[in-house]
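Hi everyone, thanks for coming. Today I'd like to walk you through a ligand site and the pockets around it. Here is the model.

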Amino acid sequence: MTHNNKVVIFLGPPGAGKGTQAARLAQEHQLVQLSTGDILRDHVARGTELGLKAGPLMEAGQLVPDDLLIALIRDRLADMEPVRVIFDGFPRTQAQAEALDLLLEELGAPVSAVPLLEVPDQVLIDRIVERGRQAVAEGRAPRADDNEETARKRQLVYREQTQPLIDHYARRGHLYTVDGLGTPDEVYERILSGLH
Ligand code: AMP
């Protein structure tokens with residue numbers, strides 16, 4: 001166990017800006033960003049066994065099974081010393097949150113803070129559709145799930161499976177809410193002011 005451990009968990013619906021904010025916080029605070037969406041997209045692109053299982057589910061806006069995600073995170077944390085990490089897109093279900101609690105306990109690295117990015121539903125859909133358009137405009141392939149129909153499905157899945165985690169972390173005193181509207185700089189400042 002070391003005093004230098006830091007564990008930040010970003011919560012918030014798809015399109016709230018977790019990835020953007022987590023990347024900056026990771027860079028400026030010497031933390032490792034674990035974005036499960038990015039890790040899974042990399043597996044899909046490489047056609048690994050995990051990627052072949054995850055791809056169709058991701059494309060449909062559904063969650064990838066808990067045991068696969070938990071194994072993936074367990075693996076990433078295994079040799080980390082100190083444990084300085086930002087989770088972005090994990091945990092997404094109660095089972096994942098409970099597994100993470102156990103894992104962090106084993107590592108002696110308790111959760112430091114859980115910022116919750118709040119953005120109105122329609123703004124989220126607009127952002128995701130715009131992110132898809134932007135990729136095409138820049139000659140990149142858009143994410144397979146960045147379209148309006150799948151975005152709505154992901155929002156529903158968030159509400160049903162991930163939103164209950166707000167309570168899980170609020171009860172433990174880790175949660176603070178952040179207004180996710182405004183420029184990335186403005187949102188970043190709000191996140192920092194809630195971190196200690
Ligand atoms: P994201 O990039 O976080 O929006 O994730 C994109 C997709 O990857 C999600 O819609 C899920 O299909 C899958 N995914 C990412 N993280 C998880 C997770 N923790 N549990 C289950 N599925 C996940």
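The ligand sits in the largest pocket; "sits" here means that more than half of its atoms lie within 2 Å of the pocket's grid points. A pocket, on a 1 Å grid over the protein atoms alone, is an open set of points where a 1.4 Å probe fits, with protein on both sides within 12 Å along at least five of seven lines, and lining residues have an atom within 4 Å of a point. Please keep in mind that this is a predicted model: local features need pLDDT of at least 70, side-chain atom pairs count only at pLDDT 80 or more, and totals for chains, interfaces and linings use all residues. Residues are numbered from 1 along each chain as its sequence is written, and side-chain values use heavy atoms, with hydrogens and water left out.

So, what surrounds the ligand? There are 16 residues around it, and the closest are Thr 36, Arg 41, Gln 62, Gly 89 and Gln 96; the cut-off is a heavy atom within 4 Å. Helix α2, residues 36-46, gives the largest share of this shell, four residues. Helices are DSSP runs of H or I with at least four residues, strands are runs of E with at least two, and both are numbered from the N terminus. By class, the shell has six nonpolar, five polar and five charged residues, where Gly counts as polar and Asp, Glu, Lys and Arg as charged.

Now the polar contacts, meaning pairs of N or O atoms within 3.5 Å. A backbone N or O atom of Gly 89 is 2.9 Å from a ligand nitrogen, and one of Val 64 is 3.1 Å from a ligand nitrogen. Gln 96 uses a side-chain N or O atom, 3.0 Å from a nitrogen of the ligand. On its own the ligand has 480 Å² of accessible area, and the protein covers 96% of that, by the Shrake-Rupley method with a 1.4 Å probe.

Back to the largest pocket: its volume is about 910 Å³, counted as the space filled by probe spheres set on the points, which are joined across faces, edges and corners. Its lining has 45 residues, with Pro 14, Gly 15, Lys 18, Arg 143 and Arg 154 nearest the centre. Here too α2 gives the most, with five residues.

Finally, the second largest pocket has a volume of about 180 Å³. Arg 41 and Arg 143 are among its lining residues, and α2 and α3 (49-59) each supply at least two. Happy to take questions!

Methods: A polar contact is a pair of N or O atoms within 3.5 Å; within protein, one must be able to donate a hydrogen and the other to accept it, and residues adjacent in sequence count only if both atoms are side-chain atoms.
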